[in-house]
Amino acid sequence: MIITKWDVRRAHLILDLNNVDSILSCLSFKHQPHELHSPSCSRNREDTFNTPSTKMNPDRQAMIDGQRSPRRRDPTVARIDSNNRISKPSRPKRSKAAQNVTTYLTEEEQSRKFVADEDKFVLKQSKMKANIRVREGRAKPIDRLAFNLRYIDPERDVFDDDDADIDIVVDAPTKIVNDLTLAQLKELESDIASYHVLETEKRNRRYWEALRTLCVDLQSKIEADMRDGRVVNSVVDDIDKILSPKTYDQLEALERQIKAKLRSDEDIDTDYWEQLLRHLLVWKSKAILARIYDDILEKREEMLKARKSTATTNQASTATVKFAEAGAASAVPNLVNSSQDASNVTNALYDREAARGISENEEIFTAEEEVPSSSKPQWADKYIARKPRYFNRVQMGYEWNKYNQTHYDHDNPPPKVVQGYRFNIFYPDLIDKTKAPTFKIIREHGRRRGESFAAAGEEDTCLIRFIAGPPYRDIAFRIVDREWDYSAKRERGFRSSFEKGILQLHFQFKKIFYRK
């Protein structure tokens, strides 16, 4: 039998396809069946397929022969490279964050969530409007009732408060409601229902429920007085005499007894006991309002005491600030001859800010620097330049990185580092009040943002220069040069605003977390 080169090529192709049966069928394509099974043909085929260039993989040969694969792989045999495999790439595994994400919301759940968020927003706006109307002296009864609740409202946003709110007199809810006419009571009942529907906090809902019950009772009394006169009023007065001296717990116990009596089969005056139960619920609402009002007064008294103690304890710190300012002025010769703003408005703003005091992680900041030389302002001949007053704080804290965790503990803490600043600079007498003061960062010696020229273990510093129009001149402070955290999170506290003559720039530095 003669095997041509075409037969060998076919055999190579079939070897690549790993199909031995196809090899036999391919060779039998040109030869007779008796020749295919002849010893010479078999010997020639064996020689052909066992040549070095076409040697079969031992593992594959063992599988064809029905034997176990050799334990040790031939290092000269070509191996499969998964990187060169032409196939569809496998789908990447989901990250832990993606696995923790909740499933997609259904249309009904999305609608319900949207309505809840909208209700929360409308409620917050209603409370803000009520606070504004109370501050401006044009409050309606519903505004006064909502304003009183702010002292104990856990969902209140402290950034919406005003320092003068605590000085506003807080009237008892029952006193506010009792002084209203029938038309005003009906309007108030509608307003209370709006608050009650939107409210989600448990105590706040009890507050509005009690007020609505009281409104309905007063309306019924006024209408009954207009319709029936003294007969009904005499019965009501007798019931009120029974219920008025009782406490909230006693009223609850009496309510259970009356309901049990009404459910029993006793021969009783049902109308009397039902009327007594209705009035009991009114007096129970009054007891709830009295409790909440006591909590409001207690919280307000605590705030007043805290403000008074802060004002007294910070008189010494205010004197320290003035002394430090005088020392800073003496250290900078160009600042001595400049007149400092000492108007009554400025002093009032300064005293108000100083009364806020400083927290445990804050220190008074007076690192004033000489303003870099610049050209004389155009308004210098028209106005006398003033140095603005300020009350600044620097925020200090510990950084518990790996090194500090290893070498320090809470009993032996590491040195405090600067974590942020709170600048409060007063410009009450600006000539052009439409242009807000600005600030500018100045880095010396040609250093750019992100570059560091400081030695190991030290931090780079820069100048922050505050620029305002006439009659105030520029003022500068030296601060640590690190990246600011501009996030709006409450705990980070970034703020940049000019309001009521005060430029406020509050910021903290970004916290850097290292991953292994």
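This report walks through a predicted model of one protein chain, from its overall make-up to a few single residues.

## Ground rules

Residues are numbered from 1 along each chain as its sequence is written, and side-chain values use heavy atoms, with hydrogens and water left out. Since the model is predicted, local features need pLDDT of at least 70 and side-chain atom pairs count only at pLDDT 80 or more, while totals for chains, interfaces and linings use all residues.

## The chain as a whole

The protein chain has 516 residues, and 32% of them count as buried (under 20% relative accessible area; exposed is over 50%, and partly exposed is in between, using a 1.4 Å probe and protein chains only). Its secondary structure comes to 16 helices and 12 strands. Both are DSSP runs numbered from the N terminus: H or I over at least four residues for helices, E over at least two for strands.

What about contacts (heavy atoms within 4.5 Å)? Looking at contacts with a separation of 6 or more, 68% are between residues 24 or more positions apart.

Average pLDDT, the predictor's confidence in each residue from 0 to 100, is 75 for the protein chain, and 69% of the residues score at least 70. Confidence is highest in helix α10 (residues 182–198), with a mean of 91, and lowest in helix α3 (residues 33–36), with a mean of 44.

Helix α7 (residues 107–135) packs against helix α8 (residues 141–149) at an angle of about 105°, and their axes are 8 Å apart. Axes here are lines fitted to C-alpha atoms, for helices over the stretch in contact, and angles run from 0 to 180 degrees between N-to-C directions. That makes the two helices, α7 and α8, roughly perpendicular, a label for angles of 65 to 115 degrees (under 35 is roughly parallel, over 145 roughly antiparallel, and the rest oblique).

On the α7 side, A130, N131, R133 and V134 meet D143, R144, A146 and F147 of α8. Seven of the nine residues of α8 are buried, so this helix is largely enclosed by the rest of the structure. Among those buried residues are I142, L145 and F147.

## Strands and a hairpin

Four strands make an open, antiparallel sheet in the order β3-β9-β8-β7. Strands count as paired if DSSP finds at least two bridges between them. At the edges are β3 (368–369) and β7 (438–442), each with a single partner strand, so one side of each has no neighbour in the sheet. Strand β3 is joined to β9 (residues 475–480) by two bridges, and E368 has F477 as its bridge partner in β9.

Elsewhere, strands β11 (residues 495–499) and β12 (residues 502–509) pair in the antiparallel sense over five bridges, with E499 opposite I502. The two form a hairpin with two residues between them.

## Residues worth a look

At 57% relative accessibility, K500 counts as exposed.

P470 and P471 are joined by a cis peptide bond, with omega about 5°; P471 is in the loop between β8 (461–467) and β9. R256, in helix α13 (residues 248–263), is exposed at 55% relative accessibility.

How values were computed. Contact = heavy atoms within 4.5 Å.
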